[in-house]
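Colleague: Could you take me through one part of this model closely, in a single connected account?

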Amino acid sequence: MAHFMKRHLISFCTTLAPPPSLLPATVTIFYTLSQVTTETMTVIIPSLPHAHLSAPPLPMSILRRLPFHSLTPCHYRPRRRFATLAAVRQDTTVWTPTPISSIETAAESLFHISIDVSSSPDLAASHTLPGQYLQLRLPDVEKPSFLAIASPPSLAASSGAFEFLVKSVAGSTAELLCGLKKGDVVELSQAMGNGFNIDKIDPPEDYPTVLIFATGSGISPIRSLIESGFGADKRSDVRLYYGARNLRRMAYQDRFKEWESSGVKVVPVLSQPDDSWTGESGYVQAAFSRAKQIHSPKGTGAVLCGQRQMTEEVTSILVADGVSSEKILKNF
């Protein structure tokens, strides 16, 4: 029996042998005849340049006696290791329980949510740049949401609060979040991402023109940027093109005057305005194309956040007009 198994196992293992160019090779074969007896045998495979090694199938009577793992291709095993590593990476997120301070309607389908982080100084200190975001997790909800932080980093330092602009989407975690009330507890990760790298469009005298584009809830990190300050009052032309379906869907209208006083000209753009609207209409990229007025492409920077189509088309327009792609900032 042992001799019969040796002959068939040698034939079986030659399918794993090196290609003919690497022969002769020494192959050590381990085989098990029982649960407690293991034999080894070394076989010298001759160099045959034109040989084709094939293995006849082992009889079922032999296969039944072989341990299953000995017939399992080794290249399947790393997948289990990769899955384990992925689980470890997911488990490294530090979650901090934090209470909701307030939930208010910001616009149609948009909610202004404030979360108290005053008891979590490490969490508050993780927000250092406008444009950063974090993960938010609800009790009994497996999948967390990624949310851009709408408040400037200084608010967390001075008041111990993170503020968000959240769009309620039916069936999503965001909808559940918008349905909570003051005092309910959610879990937050540390703030992450590089935010908007304003250093690329500084100093203001070298980049007097900054064009800002936002649509829908994409105004959230833009608010953080404007209220953090980026020298808008020291630049000659800072414009914010802010797109929404109509005024009922446009958040932060109560902040426009404050933003204007800081040096940012706000240009609301409505895609479906009512008959009384006299401002810009259509899509943000179309409104910008009509205006443009880029006097010095080399001295122009841009900041974008919102719908993918908008960001791609605006980027194409800017680059075609000579603005460096390195000066077009995004937070994702």
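Modeller: In helix H7, the residues Ile219, Ser220, Pro221, Ile222, Arg223, Ser224, Leu225 and Ile226 are buried, meaning under 20% relative accessible area with a 1.4 Å probe and protein chains only, where exposed is over 50% and partly exposed lies in between. The model is predicted, so local features need pLDDT of at least 70 and side-chain atom pairs count only at pLDDT 80 or more, while totals for chains, interfaces and linings use all residues. Residues are numbered from 1 along each chain as its sequence is written, and side-chain values use heavy atoms, leaving out hydrogens and water. Helices (H or I, at least four residues) and strands (E, at least two) are DSSP runs, numbered from the N terminus. Because eight of the ten residues of H7 (residues 219-228) are buried, H7 is largely enclosed by the rest of the structure, and just after H7, Gly229 takes a positive phi of about 90°.

In helix H9 (residues 284-291), the buried residues include Val284, Gln285, Ala287 and Phe288. They cover an arc of only 160° around the axis, which puts them on the same side of H9, the arc being that of the directions from the helix axis to the C-beta atoms. Their cover includes strands S9 (209-215), S10 (237-244), S11 (265-270) and S12 (280-281), together with helix H10 (308-320), where contact means heavy atoms within 4.5 Å. After H9 comes Lys292, with a positive phi near 45°.
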